[in-house]
Amino acid sequence: MTKSRKDELSALNILLCLMVIFVHAASPTVSAMDKSSALYAILLTLWRACPCAVQIFIFQAGVKSSLHADRQQSYPKYILKRILRVYLPYVAASVVYYIYLTSIGYMQPGADILLRGIAFSEIAGHLYFVIAIMQFYLLEPLWRIVAKRLDRAENVIAALIVSYFISQLLGYYLADFLYIFNKSEVFLYSDRVFTTYLPFWIAGLAVGRNYEYIKQAAKKSLLPTGLIFIFALSFDALLGYLHNSGRESIYWLETAHSFYAIAAIAFLYSTATRFGPWLMKLRAAKYIDRASYSIYLWHPLALYVCDRIITPLNLSMKPAFALRMLFGYVLTIALCSLFSFGMGHLRTLITTYRGE
């Protein structure tokens with residue numbers, strides 16, 4: 001465990017970053033397509049394959065937390081580091097999005113709207129992940145205790161079962177649960193509450209606690225996890241197609257999607273253990289990995305700007321889709337990676353100067 005960044009986790013991080021961009025860049029095209037066409041079914045399948053990124057991000061964060069569970073670390077220092085590296089960039093991004101969206105008339109200006117938007121991630125929808133992951137970070141002492149008890153298989157199984165039922169009752173169906181006690185208001189923020197993602201975090205803790213064993217097992221499991229992944233994706237895509245095309249109304253679609261997310265974790269992690277070391281030999285991959293959080297924060301801004309270009313040009317669907325891919329992937333990744341590269345060199349210069 002001497003390496004500060006593990007190749008397989010870095011490779012998985014890059015893949016998740018690309019998946020998140022695709023979800024947002026392809027959404028207008030998926031919404032606008034002819035629901036009866038074969039092309040729609042194909043693109044919808046690709047699109048449905050990507051919204052598992054949040055669950056896998058949380059799984060990955062759980063792995064890293066568990067890997068460090070035995071380290072002696074001050075809780076205030078830990079939280080301060082997370083605030084500086086995760087929460088403050090989120091606040092900065094929220095303010096920028098607020099300024100942009102109010103300037104184009106998409107949001108009403110007001111200090112209360114800004115503060116509420118930051119607190120509940122109501123300004124830019126994709127940022128809800130930060131609210132969820134910060135709750136896990138705040139509970140770090142609890143996870144250290146839990147992680148140290150996940151050395152035995154029966155403890156892992158029990159923890160996963162308990163966490164699954166908690167996630168269902170107090171996560172996915174939290175709004176329904178709270179409605180029992182207060183029928184005058186519906187809770188709208190279940191996707192921002194950590195309990196929704198608890199099984200994925202617990203699974204990450206279990207993997208991190210038994211990391212080398214599971215890593216070696218994952219390398220040998222590419223075929224079986226791949227077959228399960230294909231089945232789960234096909235099942236999820238079918239339900240998504242029936243629901244989005246208007247043929248059926250499937251209220252339990254997100255619950256079914258959680259099965260796909262579990263299969264995706266197993267397969268994508270197995271894939272990363274096999275090909276991650278090769279990928280991370282590329283210098284560009286290292287910069288993308290280190291810039292991944294910035295890419296996550298800022299790629300919708302590039303897409304907003306792109307849409308402002310597309311609208312007056314009245315582009316047809318295919319050119320508009322291509323332009324959104326260009327802005328989402330090429331422009332965002334290039335700028336964020338360049339910024340990460342520059343900041344890395346600046347930190348090196350400062351460290352060298354202080355050393356002298």
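User: What makes the roughly 1900 Å³ space a pocket?

Analyst: About 1900 Å³ of space lies in the largest pocket. On a 1 Å grid over the protein atoms alone, a pocket is an open set of points with protein on both sides within 12 Å along at least five of seven lines, and lining residues have an atom within 4 Å of a point. The volume is the space filled by probe spheres set on the points. This is a predicted model: local features need pLDDT of at least 70, side-chain atom pairs count only at pLDDT 80 or more, and totals for chains, interfaces and linings use all residues. Side-chain values use heavy atoms, without hydrogens and water, and residues are numbered from 1 along each chain.

User: Which residues lie closest to the centre of that pocket?

Analyst: Of its 46 lining residues, those are Arg5, Lys64, Arg85, Val86 and Tyr293. Helix α4 gives the largest share of the lining, eight residues.

User: Why are Leu114, Gly117 and Ile118 called buried?

Analyst: Buried means under 20% relative accessible area and exposed over 50%, with partly exposed in between (1.4 Å probe, protein chains only). Those three are the buried residues of helix α5 (residues 111-120), helices being DSSP runs of H or I with at least four residues.

User: How do you know that they share a side of α5?

Analyst: They cover an arc of only 95° around the axis, so they sit on the same side of α5; the arc is that of the directions from the helix axis to the C-beta atoms. The face turned away carries the exposed Asp112 and Leu115.

Definitions and conventions
Helices (H or I, at least four residues) and strands (E, at least two) are DSSP runs, numbered from the N terminus. On a 1 Å grid over the protein atoms alone, a cavity is a set of points where a 1.4 Å probe fits but cannot get out, and a pocket is an open set with protein on both sides within 12 Å along at least five of seven lines; lining residues have an atom within 4 Å of a point.
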